[in-house]
Amino acid sequence: MSELTHLDGDGRARMVDVSDKAVTTRIAVARGRLVTTAEVLALVRADGLPKADVLATARIGGITGAKKTADLIPLCHPLPLSSLSINFELGESSIEIEATAKTTGRTGVEMEALTAVAIAGLTLHDMVKAVDPAAMLTDIRLEEKSGGKRGLWTRATAGIAPADSPATPHAHTAHTAHVIVASTRGASGERPDTTGPVIAEWLRERGFETPAPIVVADADIQSALAASVHEQPAVIITTGGTGVSSTDATPEATAALLDRDLPGISEALRARGLASTPMAALSRGLAGVAGRTVIVNLPGSTGGVADGLAVLTDLLPHLVDQVSGSAQHA
């Protein structure tokens, strides 16, 4: 632990004494990325978001944040910034953020550059969240620094690979799907799962990378759904737990995760089922969007699943494209 300069010999946090360091010009460059949707980028370019002047406001936020770095990060030294610039590069579905900080002093200015990127990115998130609450601030990193006895350090010369291209929601999730089966008896092994494999194969035939279905007891559907949503697949299809028995909890678990409801899909699923059996009217299944993940509840019967997949055949590809931001906007 003695090699970590912010810890003393006993492992206690301290502010490093820089009194004996040389006063030199120090520069640091940091970068980060806000991953959002093509729709948001179009609105940013057109200055059409509800909160206007998006980039200007984010730039001011980043500069203000850099000035307050020592107040935000406990062991940082207060530094007199001689300059700070923040630039943005707009991509298809992401905004690249770059901050360059400069000072003349006895310690480096990399934390100010990193803080500028972080606060600028958080400001961007605040500006776009009304349109895209699932936007992600990611890949914040130091790219280079100079000054002091160590001279120039760059990520490339240090042998660290540059950050990967942004894992945009479309690139990351558009071909991934999960299937969750809510069945207490199925989870205990008392009854074979006859619906999950059918859904998984249907998804694979349509180009989705789909692992084996997850079979959980009705009481565990909430945690299983939350874990699946955390992985950000393009699609989650559940089967089972949509009825009115005391253990049926799939709609409630789904509702807790949805950002937007898609009642038209739920109505279409019930209408298709009603053509086969009046019992379809008892289904409480929901459909909606959590972040950039489409979630659809199907009944637990093989007939209900067949009817549901028939409804989704034409709807799902277009819906996934819209949610991921890859659909063309007029």
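Guide: Helices α7 and α11 are roughly parallel to each other (an angle under 35 degrees counts as that; over 145 is roughly antiparallel, 65 to 115 roughly perpendicular, the rest oblique). This is a predicted model, where local features need pLDDT of at least 70 and side-chain atom pairs pLDDT 80 or more, while totals for chains, interfaces and linings use all residues. Residues are numbered from 1 along each chain as its sequence is written, and side-chain values use heavy atoms, without hydrogens and water.

Visitor: What's the angle between α7 and α11, and how far apart are the axes?

Guide: The angle is about 20° and the axes are 11 Å apart, for α7 at residues 196-205 and α11 at 302-324. Axes are lines fitted to C-alpha atoms over the stretch in contact, with angles from 0 to 180 degrees between N-to-C directions.

Visitor: Which residues of α7 and α11 make the contact?

Guide: From α7 come V198, I199, W202 and L203, and from α11 V305, L309, L312, T313 and L316 (contact means heavy atoms within 4.5 Å). Eight of the residues in this contact are nonpolar, one is polar and none is charged.

Visitor: Switching topic. Which residues touch the most other members in the largest nonpolar core?

Guide: I86, F88, I97 and L124 do, in a core of 28 residues. A nonpolar core is a set of buried Ala, Val, Leu, Ile, Met, Phe, Trp, Tyr and Cys residues joined through side-chain atoms within 4.5 Å; buried is under 20% relative accessible area, exposed over 50%, partly exposed in between, with a 1.4 Å probe and protein chains only.

Visitor: Which element gives the most to that core?

Guide: Helix α4, with eight residues. Another core, of 25 residues, lies apart from it and includes V179, F208, I237 and L269.

Visitor: And what does I86 touch?

Guide: Leaving aside neighbours within four places in sequence, I86 is in contact with R59, G62, I63, I97, E98, A99, A116 and A120.

Visitor: How much of the whole chain is buried?

Guide: 42% of its 330 residues. The chain has 11 helices and 11 strands.

Visitor: Backbone next. Where is D139, and what is its phi?

Guide: D139 is in strand β4, residues 136-146, and its phi is near 55°, a positive value in a residue other than glycine. D139 is partly exposed, at 27% relative accessible area.

Visitor: What about Q232: where does it lie?

Guide: Q232 is in the loop between α8 (221-230) and β8 (235-239). Its phi is also positive, about 55°, although Q232 is not a glycine.

Technical notes
Helix = DSSP H or I, 4+ residues; strand = E, 2+ residues; numbered from the N terminus. Nonpolar A, V, L, I, M, F, W, Y, C, P; charged D, E, K, R; others polar.
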